[in-house]
Amino acid sequence: MTLGLGLLQERDKRAKWHGIPTLLQKLYESSHPNSDLSHAHSFLKVLSSQLSMEAMSFVTEDRKTAQESTFPNTYTFDLFGGVDVSLTFFVLNSVSVTVNDDLVKDCLSVLYNCCICTEGVTKSLAARDDFVLFLFTLMTNKKTFLQTATLIEDILGVKKEMIQLEGIPNLSGLVQSFDQQQLANFCRILSVTISEPDVGNDDKHTLLAKNAQQKRNASPSRAEVNQVTLLNIPGFIERLCKLATRKVSEATGANFLQELEDWYTWLDNALVLDALMQMATEEAEQSSTESSDESSLATSPLRHRLPQSMKIVHEIMYKVEVLYVLCVLLMGRQRNQVHKMLAEFRLIPGLNNLFEKLIWRKYTASNHVVHGQNENCDCSPEISFKIQFLRLLQSFSDHHENKYLLLNSQELNELSAISMKANIPEVEALVNTDRSLVCDGKKGLLTRILTVMKREPPDSSFRFWQARAVESFLRGATSYADQMFLLKRGLLEHILFCIIDSGCTSRDVLQSYFDLLGELMKFNIDAFKRFNKYVNTPEKFQTFLTQINSSLVDSNMLVRCIVLSLDRFESQTEDVKVVEVLSECCLLSYMARVENRLSFLFRLINIINVQTLTQENVSCLNTSLVILMLARRKAKLPFYLNALREKEYAEKYPGCLLNNFHNLLRFWQRHYLNKDKDSTCLENVSKIYCPKPNFDLPQYTLFY
C-alpha cells in the first residue's frame, strides 16, 4: 500500500486490475475509528459489486476450481491484501453506533465472495478464532443474519479444529433470540459443530484403530461437548420439533416439479434461497404501497410464481437440517434424554401428519434417483429430505422402547391381540407406551413406510433407508408380536420378491433386505412357513442361495438368523407345527446339513482378519462364533475345528484358518466382553448368554 497513487494507477491500466488496488488503498486509509464511513462505504460497494459478479459466475458453473484466469478481480483483491484490509475495516467499524446495516452487509459480501472464488481464503479466516467468535455476535442483527450465517457456515466447513459452542458469548441468549426461521438457518451451522469429523482414511475406520483412538481420547470429544451445550439451552429441542413438524403451503399445477428443479439448479444453498424470499417479500410490500392494481401484481413473475414454489423448497431444505441435528443428538451419549424430549414434544405424530402432504407426496413418487448412502450426498432437496427422515426414524427406533410411538392406537391394540392369541405376555415396552404420544390417523408411520416401500423400483436407493428404518423397529430382543404385525402386511413376501424375482442388483439394497429378513424371521416358525410357501420351486431356492453366497459380508446376518432359529426349533420337537415346518422348509433343511454350515464357516473366517475388521464386516466374526458356540452346545466343536484344520491342509496352507480365527477370537474378547452395551446387544439378539470374562481362566478363551 506504499506505492505512489500515480504509479499504481498506471500499472493498474496495463494489468487490468480494474482499480481494485486503488480502492483497497483508499479503504485502508479509512480504517480508523474517526474516518468518514459514508466515503469508505462507497469504495466497499464498488469492490462488493466486482466480486459478486465473479462469485455468481462461480456458483452457476458448478463450482469449478478457482483460478486467476477465471476470476481476475477476486485474485487481484486477494493479491493486494484485500482480505486483511477488509477485516481490519470490518472489525473496527462494525461495533460503531453510526454504522448502518448496508455497510455490514457489504463487508460480509466481500469476504464471502472472496471465500467462494479464491482458494485458501476460507481456511485463512477459519484459523482466526477471534474473528469466528466475532461473527457469531453479528447474528443478533436480523438484517445481517443471513449474510453472517452464510459466511460462518463456509468457514466452519473447513476449520481444522471444531469450534466449541460454549465459547460463543451468551450462546443461550443468542439462540433464544432467534425466530423460527433463523433457528432453522442456524441448524446448518450446528450440523458442523455436533458431528464427529470424517477422518477420510479407510485404515482409520478399522476397529483396531477405533479402539486405539478411544483409549487415547478417553474424555468426550468436542462434538459431544457441543451436543451437551445445545441440550442445556432452554426450549431448544422443543423448537426444533416444531420446525420439523410445521406444515407448509402446498403448490399445485403440472409445472410445479419442473419449476422446483429449475430453481434448485442455480440456487447455491438454502441461505441464498432465504435471501431471495426476503427480496420477494420486500418487493411485494413495495408493490402494494406503490400500486393497488391487482391485475398488474398478478402478472408479476416474482410475485405470482416464485414465492409459492420457493416456500416449499425452502421448507424442505431446512427440515433436512433440523432432522439432521435431531438425528445426531439421538445417536449421542445423551440419547435417553433426547428420546424423552422428542416423545414429549410429539415429534413422531407430527411427522406422521406431514407424511403424505410433504415427506412422501404422491405426485413425487415417480421421481426416483439412485445415489449413495452418504448423508452429505449431493442430491435434490426432496431426496435429501426423504433420506434424512428415514435416518431419523432408524435412530429413533433402534433398541429403544419408544419405537412403539411409530404406531397408532389401533395398531398398538393389534399387537396386544397378537400376543393374546399366541398366549404370550405383551412386551413391557408396549404396555408402558403413553397412548397420548403415539401417531394419529388411520395409519402410523411404520405402516406408511411399508406402503411406500412396496411402490419403489427395485434398485431405488430409498429402499435401503426404508428397510433400515423398518429393521430398526425389529432390532433388539425378538418380539413375536412385532414380527407378526409386519408379516400380516406382506413384508416377507415383498422382501423375497425383491431378492429373488425383481432383478435388483444394488448391493446396498440387497444387504438391507437380508438384514431385515433376518430380523423378521428369527425364531418365528410362521415366518419360515411363509418363506417355504413363496420359495416353492428349486429354481427360486437356488436363486435365493446365489444371492446369499454372492456376498457373505452383506448376507451373513441372515445366515446367523437361520442357524439360531434352526437350533431353537430343534429343541421344540414337541410342537407339531414346528416339526412340520422343520421337515418341509427347504431353507431349514439346507442349513441342517453340517457340510453347508461348514461351508459358510470356512468363508466367514477367510474373508476377515483382525487388521481388516470394520463396523461393516465384524458381523462375519459374530456369525462364525454363533455357529461354533452352537456346535459346542451339542459337543460337536472338536468336529468343526478338525474340519477347519482339514480345510487348511486341503488348501495347502496349514494354520491359515485356525491361526486367523484364534487372533479374531482374542480381539473379540477385548472388543466386546468389556463393553456392557455391545455384549448385551449380542446376547439379546442371539439368546446366547455369556458369563462375565475372567481372562486369567482358560475356559474364557471359549474354544482354545
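**View 1. Serine 395 within helix H22.** Serine 395 sits in helix H22 (residues 381–397), where helices are DSSP runs of H or I with at least four residues, numbered from the N terminus. The model is predicted, with local features requiring pLDDT of at least 70 and side-chain atom pairs counting only at pLDDT 80 or more, whereas totals for chains, interfaces and linings use all residues. Residues are numbered from 1 along each chain as its sequence is written, and side-chain values use heavy atoms, with hydrogens and water left out. With a relative accessible area of 9%, serine 395 is buried, a class that means under 20% relative accessible area, as against over 50% for exposed and in between for partly exposed (1.4 Å probe, protein chains only). When its neighbours within four places in sequence are left aside, serine 395 is in contact with Cys327, Leu330, Met331, Arg335 and His339, contact meaning heavy atoms within 4.5 Å.

**View 2. Helix H31 and its buried side.** The 13 residues of helix H31 (residues 538–550) should span 18 Å at 1.5 Å a residue, and the end C-alpha atoms are 18 Å apart, in agreement with that expectation; the expected span is 1.5 Å times one less than the number of residues. Phe541, Phe544, Leu545, Gln547 and Ile548 are buried in H31. Because they cover an arc of only 155 degrees around the axis, they lie on the same side of H31, the arc being that of the directions from the helix axis to the C-beta atoms. Pro538 and Glu539, on the other side of H31, are exposed. The cover over the buried residues of H31 includes helix H28 (491–501), helix H29 (507–521) and H30, together with helix H32 (552–570), helix H34 (586–592) and helix H35 (594–606).

**View 3. Contact of helix H30 with helix H33.** Residues Ile525, Asp526, Phe528, Lys529 and Asn532 of H30 meet Lys577, Val578, Val581 and Glu584 of H33. By class, this contact of H30 with H33 has 4 nonpolar, 1 polar and 4 charged residues, where Ala, Val, Leu, Ile, Met, Phe, Trp, Tyr, Cys and Pro count as nonpolar, Asp, Glu, Lys and Arg as charged, and the others, Gly among them, as polar.

**View 4. Positive phi at asparagine 170.** Asparagine 170, in the loop between helix H9 (145–158) and helix H10 (171–177), has a phi near 50 degrees, a positive value in a residue other than glycine. Most residues other than glycine have a negative phi. At 59% relative accessibility, asparagine 170 counts as exposed.

Technical notes. Helices (H or I, at least four residues) and strands (E, at least two) are DSSP runs, numbered from the N terminus.
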